[in-house]
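Hi there,

Here is the structure I promised to pass on to you. Have a look at it first, and then read on for my notes.

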Amino acid sequence: MKEKICIIGLGYVGLPLSYSFSKKGFQVVGYDKSKKRIEELKKSYDKNGEFSKKELINNKGLIFSNNIQDIENSNVYIVTVPTPVKKNKIPNLNPLLKATKTVAECLRINDIVIYESTVFPGCTEEDCIPVLEKMSGLKFKDDFKVGYSPERINPGDKVNTLSSIIKVSSGCDKESAEEIAKTYELVVSAGVHRASSIKVAEAAKIIENTQRDVNIALINELSMIFNKMNINTYEVLEAAGTKWNFLKFQPGLVGGHCIGVDPYYLTHKAKGLGYHAQIINSGRAVNDSMGAYVGRTVAKKIIAAGTPMKESRVLVMGATFKEDVSDIRNSKVVDVINELKSFSCNVEVIDPHADSNELMHEYGFELVEKPTSKYHAIVVAVNHQDYKIMNEADYQSLLSDNGLLVDLKGIYRNKINNLNYWTL
């Protein structure tokens, strides 16, 4: 067991990991290139809402820094930076490789480097390790060891946490694999699954999200078909779900920095090997089109109700990529908004968790402080807890006569009696 751990990247993955290891007696340095993030954490403020001020204040074994000198004496480096895609859906390894260079500057003999960032199989050994060797002057396996243990954090989930989700781990040889697994076992009470190799661990992570993506794509496509038949998709799923082996997925927008991104890493690797991943690419195409489909459907329903598009007012509730988090990365709600605007709809957006300045910077629109009235349609795009407690009367007060309530997550099913109501 090593004594000093450095976590590179302090987002939804890195901060819980840093906190957990420090609580087990490790000396932990949480490193992040963002000066703003470090300043906030030093003031015991976590913008993601995963930790309270009290939890961070009372943690004396954890320090936060963006100064490379503070991490130079670490024995274990765990890389948890994002792995996004570029506009053309090609993997963007820049954050990962920059973090790797940072580690390489500090690497010493007998150190261990563990990657948690989601990548395609082979990335750790083919892309990262050569950088570690070149910049450090050390030799892989002889001087330092490397492992891979994919993150399984579910942002905003207070039940399925780091300690309660089985951890997959691997190492470059038997010795490092066992040492890495035993280190994680100290903070993961659910246990550790020892993968046979780094590539197996990488592949296991990438297919977790790819499987979900493909299954949701199937349900989204079924939803579009059933909509043309005037059949309620949720009622169909309820009926089919009575069979013991039916997989229970629901339609919806698929965004964020995991499910909406990770499959592209696998298809990119497959393409490089001369194979076109038909099912995975088809699933991505369906899910990437859902926001525009929703926006287009809402616009058509407003037109059918007799409201000219330029006079229409639509309220979109929720802008984050999922419920009860502040993260707006790859939010597919943006596609809904942009499609509505392409029809000349006047769109207002609210969200109790999102930051209006971040939305303006990333997507070119701001939040309104509170709803005004009256709207021709309200789109409940994210099932925040704040919205789950609302009822039909709340929406009636905001909608015009014959106004439409669009419930993308189906949270008001069987609860709406008098309003025009549509869900996927």
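Threonine 307 sits in the loop that joins α11 (290-304) to β9 (313-317). Please keep in mind that this is a predicted model. Is threonine 307 buried or exposed? Its relative accessible area is 15%, and the cut-off for buried is under 20%, so threonine 307 counts as buried. If you set aside the neighbours within four places in sequence, threonine 307 is in contact with Ile302, Ser312 and His376.

Another loop residue to look at is proline 352, found between β10 (346-350) and α13 (356-363). Proline 352 has a relative accessibility of 42%, which lies between the 20% and 50% cut-offs, so it is classed as partly exposed. Which residues does proline 352 touch, not counting those up to four places away in sequence? They are His384, Asp386 and Tyr387. For histidine 384, there is also a distance to look up: its C-alpha atom is separated by 8.3 Å from that of proline 352, although the two residues are 32 residues apart along the chain.

Leaving out residues up to four places away in sequence, glycine 252 touches Ile216, Asn220, Met290 and Leu424.

Now for a pair of helices. Two packed helices are described by the angle between their axes and the distance between the axes. Helix α9 (residues 262-272) and helix α10 (residues 278-288) have axes that come within 10 Å and cross at roughly 145°. The crossing of α9 and α10 is left-handed. On the α9 side, the contact involves Pro263, Tyr264, Leu266 and Thr267, and these meet Ile280, Asn281, Arg284 and Asp288 in α10. By class, the residues of this contact are four nonpolar, two polar and two charged.

Stay with α10 for a moment. Its buried residues are Ile280, Gly283, Arg284, Val286, Asn287 and Asp288. What do the buried residues of α10 pack against? Their partners are α7, α9, α11 and α12 (333-342).

Last, some empty space. Rolling a probe the size of a water molecule over the atoms shows where empty space is left. How many cavities of 30 Å³ or more does a search of the whole structure find? It finds one. The largest cavity has a volume of about 60 Å³. Among the residues that line the largest cavity are Val13, Leu17, Glu116, Arg152 and Lys167. The lining of the largest cavity includes six nonpolar and four charged residues, with no polar ones.

Happy exploring!

Conventions
Residues numbered from 1 in each chain as written. Predicted model: local features only at pLDDT ≥ 70, side-chain atom pairs only at ≥ 80, totals over all residues. Heavy atoms only, no water. Axes fitted to C-alpha atoms, helices over the stretch in contact; angles between N-to-C directions. Helix = DSSP H or I, 4+ residues; strand = E, 2+ residues; numbered from the N terminus. Left-handed = near helix turned anticlockwise from the far one by under 90°. Contact = heavy atoms within 4.5 Å. Nonpolar A, V, L, I, M, F, W, Y, C, P; charged D, E, K, R; others polar. 1 Å grid on protein atoms, 1.4 Å probe; cavity = no way out; pocket = protein on both sides within 12 Å on 5 of 7 lines; lining within 4 Å. Points joined across faces, edges and corners; volume = space filled by probe spheres on them. Buried < 20%, exposed > 50% of the residue type's maximum accessible area, 1.4 Å probe, protein only.
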